[in-house]
Amino acid sequence: MTKAAIAPIIVWFRKDLRLADNRALAAAASEASVIPLYIREPMESGNGPLGAAQLWWLHHSIKALSDRLEKQGARLTLRSGEPLDVISALARETGATTIYWNRRYDPSGIATDTALKKGLSDQGLTAESFSGQLLHEPMRLQTTTGGPYRVFTPFWRALESKIGPVAPIDAPEQIAAPKSWPQSDRLDDWSLLPKRPDWAATFTEIWTPGEKGAADRLEDFIDGKVADYKRDRDRPAVDGTSLLSPHLALGEISPAQAWHATERLQGDGVATFRKELAWREFSYHLLFHYPQLPQRNLDRRFDAFPWMNADDAFVRWTRGLTGFPIVDAGMRQLWRHGYMHNRVRMIVASFLIKDLLVDWRKGEAWFRDTLVDADPANNAASWQWVAGCGADAAPFFRVFNPVLQGEKFDPEGAYVKRFVPELQRLSPRYIHRPFEAPEAALEAAGIRLGSTYPEPMVDHAVARDRALAAFRKIKGSAEEQ
DNA sequence: TGAAATGTTGGGGCG
DNA sequence: ACGCCCCAACATTTC
């Protein structure tokens, strides 16, 4: 009996927009004909829908996936609506009785999938889920006392000891087609791309969404940059990071593929990179065990923190008009590329939280809407980490000095100059502290503070004291949960 | 995956 | 030769 003769299997793509190392797809392709499906789900509860920048990415990624499937003789079906309604309708139309997908681990995704599995089985349909979004199922790692990890280092040791050789699987060689293809929405009708203004036009300067773009990035990184990753990853002016995050976020590449590519290498660089993959695992571990992570302080003492939450200050931060060059460069890189270098993310986050006393959740929401790599676990865990209220967090009193951080990690000011062109001609000596430059130096560089570039919106030394005073108010109050 | 304040040490200038 | 001061340079503590 040929595969086309038996009932097709629906493969529901979610955050796994790839053909390689896709266990749901591989299993389906080995058993029957396949109907690949992508569902535009209504507003997810909990973490909210994808942000605007990631919708841009999603459009191109779906297009890439669809093209790749077509080369294999398959067609991606696009549908909108509640997954249960969509899948049961599609099953009726096509005679499919089985649905495969790869598991997701964010709270709203889990809730949706759990209810869905039950709903489908009530209709006599079978759903089966596979792993692939993470190196390790979050429920499989436990501390010796039986709880989830809250500190990275022991988590990392446990992960490392368990992981062994990783074996990603190849894309299916053949994907059998069903007797007929179901009706599909048109991708363009989903209006995922911004128009008027097309603020994403500059994204293509550095990004190529899709499985091929992801594989190219990985190859490029493994063949070169990874050797000096430990040193270069903290230099925002240097192209020293993997740039895999947006590809990982929508699953155009799996962490297993990335990990596997490192297995033939050794050295500081690759060890540091593996650790970064492990931070992503740790974030999902936290999100899985603390589903309120995006909304609630892990350290409940922070519930009483006296945030100022000044709207005008927040807006200046989002625009990159704080008057601190390294902060402004980061926020403008975010506008331009839907991305920000990780070192700079820490600096701008510290500035928002500690210098401006704006609640980390406002920063988290902004990043979620503007980053092409927005990831519910990484984003929430990292903001809580900077704020000092998270698991294994940097203590609140660790306040970044934006001038010193700039001078340490962008000594020539090349990163600043790339994204803050009005400071182009200022010497490295003052590039991170234009407000301390002599009048003559500013004039020679064509800068007038307060008109061509903003005055600093706070005195950092004063702001630091203010933050520490605010922190003292909650320190020692009710114990953490 | 800090920064600033405070403490300590040791070399050199100098009376 | 010696003590004293100064102050980098580094170490430790504190936030």
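# Backbone, packing and DNA contacts

Serine 191 is exposed, with 10 other C-beta atoms within 10 Å. (A residue is buried with 20 or more other C-beta atoms within 10 Å of its own, exposed with 12 or fewer and partly exposed in between, C-beta atoms being placed from the backbone.) Serine 191 is also not a glycine, yet has a positive phi of about 50 degrees. This is a predicted model, in which local features need pLDDT of at least 70, side-chain atom pairs count only at pLDDT 80 or more, and totals for chains, interfaces and linings use all residues. Residues are numbered from 1 along each chain as its sequence is written, while chains are lettered from A and ligands numbered from 1 in the order in which they are written.

**Loop between α5 and α6**

- Serine 191 belongs to the loop between α5 and α6; helices are DSSP runs (H or I, at least four residues), numbered from the N terminus.
- Most residues other than glycine have a negative phi, and most peptide bonds are trans.
- Proline 182 is found in the loop between α5 and α6 as well, and is partly exposed because 17 other C-beta atoms lie within 10 Å.
- Beyond its neighbours within four places in sequence, proline 182 is in contact with Ile35, Thr77, Leu90, Glu93 and Thr94 (contact: C-beta atoms, placed from the backbone, within 7 Å).
- Between the C-alpha atoms of proline 182 and asparagine 22, 160 residues apart along the chain, the separation is 22 Å.

**Helices α3 and α4**

- Two packed helices are described by the angle between their axes and the distance between the axes.
- For helix α3 (residues 83-94) and helix α4 (residues 107-122), the axes come within 10 Å and cross at roughly 35 degrees (axes are lines fitted to C-alpha atoms over the stretch in contact, with angles from 0 to 180 degrees between N-to-C directions).
- The α3 and α4 crossing is right-handed, the near helix being turned clockwise from the far one by less than a right angle.
- On the α3 side Pro83, Leu84 and Ile87 take part, and they meet Thr112, Leu116, Gly119 and Leu120 of α4.
- This contact of α3 with α4 has five nonpolar residues, two polar and no charged (Ala, Val, Leu, Ile, Met, Phe, Trp, Tyr, Cys and Pro count as nonpolar, Asp, Glu, Lys and Arg as charged, and the others, Gly among them, as polar).

**DNA strand B**

- Around DNA strand B are Trp279, Ala394, Phe397, Arg398, Val399, Phe400, Asn401, Leu404 and Gln405 (a residue is near a strand if its C-beta atom, placed from the backbone, lies within 6 Å of it).
- The surface near DNA strand B is made up of six nonpolar residues, two polar and one charged.

- Aspartate 392 sits in the loop between α15 (376-387) and α16, and has a positive phi of about 55 degrees although not a glycine.
- Aspartate 392 counts as partly exposed because 17 C-beta neighbours lie inside 10 Å.
- In helix α16 (residues 402-409), Pro402, Gln405 and Gly406 are the buried residues.
- They lie on the same side of α16 because they cover an arc of only 100 degrees around the axis; the arc is that of the directions from the helix axis to the C-beta atoms.
- The cover over the buried residues of α16 includes α12 (325-337), α13 (342-355), α17 (414-419) and α19 (460-474).

**Individual residues**

- Glycine 363, in helix α14 (residues 360-370), is buried, since 25 other C-beta atoms lie within 10 Å.
- Not counting residues up to four places away in sequence, glycine 363 touches Ala349, Leu352, Ile353, Val358 and Trp383.
- The C-alpha atom of glycine 363 is 9.5 Å from that of tryptophan 317, 46 residues apart along the chain.
- Arginine 466, in helix α19, is partly exposed, with 17 other C-beta atoms within 10 Å.
- The C-alpha atoms of arginine 466 and lysine 354 are separated by 8.4 Å, with the two residues 112 residues apart along the chain.
- Proline 434, in the loop between α17 and α18 (439-444), is buried, with 24 other C-beta atoms within 10 Å.
- Leaving out neighbours within four places in sequence, proline 434 is in contact with Pro325, Leu423, Leu426, Leu442, Ile447, Leu449 and Tyr453.
- From proline 434 to threonine 94, 340 residues apart along the chain, the C-alpha separation is 66 Å.

Terms used. Helices (H or I, at least four residues) and strands (E, at least two) are DSSP runs, numbered from the N terminus. Two residues are in contact if their C-beta atoms, placed from the backbone, lie within 7 Å.
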